Structures are given as structure tokens and as C-alpha cells.
Amino acid sequence: MQTIFLQAAPDGGMLPQLLMFGAIILVFYFFMIRPQQKKAKDQKKFRDELTKGMQVVTIGGLHGRLTAVNDDTVEIEVDKGVRLVFEKSAISLEATAKVK
């Protein structure tokens, strides 16, 4: 009885493995990392452009109009005479865009 052992060809080397690894890194970058960076950049730009009088929605779902914008906080009027102070990071770009 004869047994045949299959072996990888020695001429392939590590080049195909390195190319596959590089391709996987590129896929991760273009489909996961880059979109997250763009989303964070858009959110930061939106928060920097907040102005008094804008209708906004917080990440908790609270709707209101901005009455004051400070460096790190905003004041939102939710009803006549009812004003609440929130961090700028609590204002949601996606939810505010849906309201407009």
C-alpha cells in the first residue's frame, strides 16, 4: 500500500499570505474605520455650528429650541418658561435632521 502526502509547494512563499493580509486590512479600513471617522467629523461640525433658535433633538429624544449656546453646554427651551441645560454632546445630528 502506498501513501501519498500532500505538501504545499515551496515556491509560493509568504507573498500570497502577505497580500491577503493586506487586502483584509484595506477592507476593514474602507468599510469600518473610514465611515466611523466621517460620521464623527460630521457630528463635531454639527455641534460647532449650533446656533440660538435652532430646533434640536437630544440623544434621549427631547425636542426643543436652543435659547443659549456656550462652549460645552446648550440651553434648550422645551416649553414656555421651561429651560434645560445639556452638554453639546447630547444633541443628536441624525434625530435633528429627521425633524427638519
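## Overview

Welcome to the structure. Because the model is predicted, local features need pLDDT of at least 70 and side-chain atom pairs count only at pLDDT 80 or more, while totals for chains, interfaces and linings use all residues. Residues are numbered from 1 along each chain as its sequence is written, and side-chain values use heavy atoms, with hydrogens and water left out.

The protein has 2 helices and 4 strands; these are DSSP runs numbered from the N terminus, with helices (H or I) of at least four residues and strands (E) of at least two. Starting at the N terminus, the order of elements is α-β-β-β-β-α.

Of the 100 residues, 18% count as buried, where buried means under 20% relative accessible area, exposed means over 50%, and partly exposed lies in between (1.4 Å probe, protein chains only). The accessible surface of the protein is about 8300 Å², and carbon and sulfur atoms hold 61% of that surface. Such areas come from the Shrake-Rupley method with a 1.4 Å probe; for residues, only the protein chains shown count as cover.

UniProt, in an unreviewed entry, places a "transmembrane region" at residues 14–33. Its positions follow the numbering used here, feature names are shortened, and annotations may be inferred rather than shown by experiment. In the model, residues 14–33 are 95% helix and 0% strand, with the end C-alpha atoms 27 Å apart.

M20 sits in helix 1, which covers residues 15–48. M20 counts as exposed because its relative accessibility is 53%. A nonpolar surface patch of about 1000 Å² includes M20 as well as F28, F30 and F31, among others. Patches take residues with over 30% relative accessible area and no salt bridge, joining like charges within 9 Å and nonpolar side chains (Val, Leu, Ile, Met, Phe, Trp, Tyr) within 5 Å. A salt bridge is a side-chain nitrogen of Lys or Arg within 4 Å of a carboxyl oxygen of Asp or Glu.

## The strands

Two strands pair if DSSP finds at least two bridges between them. Strand 1 (residues 55–57) and strand 2 (residues 63–69) are antiparallel, with 3 bridges; here V57 has H63 as its bridge partner. Their hairpin has 5 residues between the strands, and G61 takes a positive phi near 95 degrees.

Strand 2 also runs antiparallel to strand 3, with 4 bridges.

Strand 3 (residues 73–79) and strand 4 (residues 82–87) are antiparallel and joined by 6 bridges. F86 in strand 4 is the bridge partner of V74. With 2 residues between the strands, this hairpin has G81 at a positive phi near 80 degrees.
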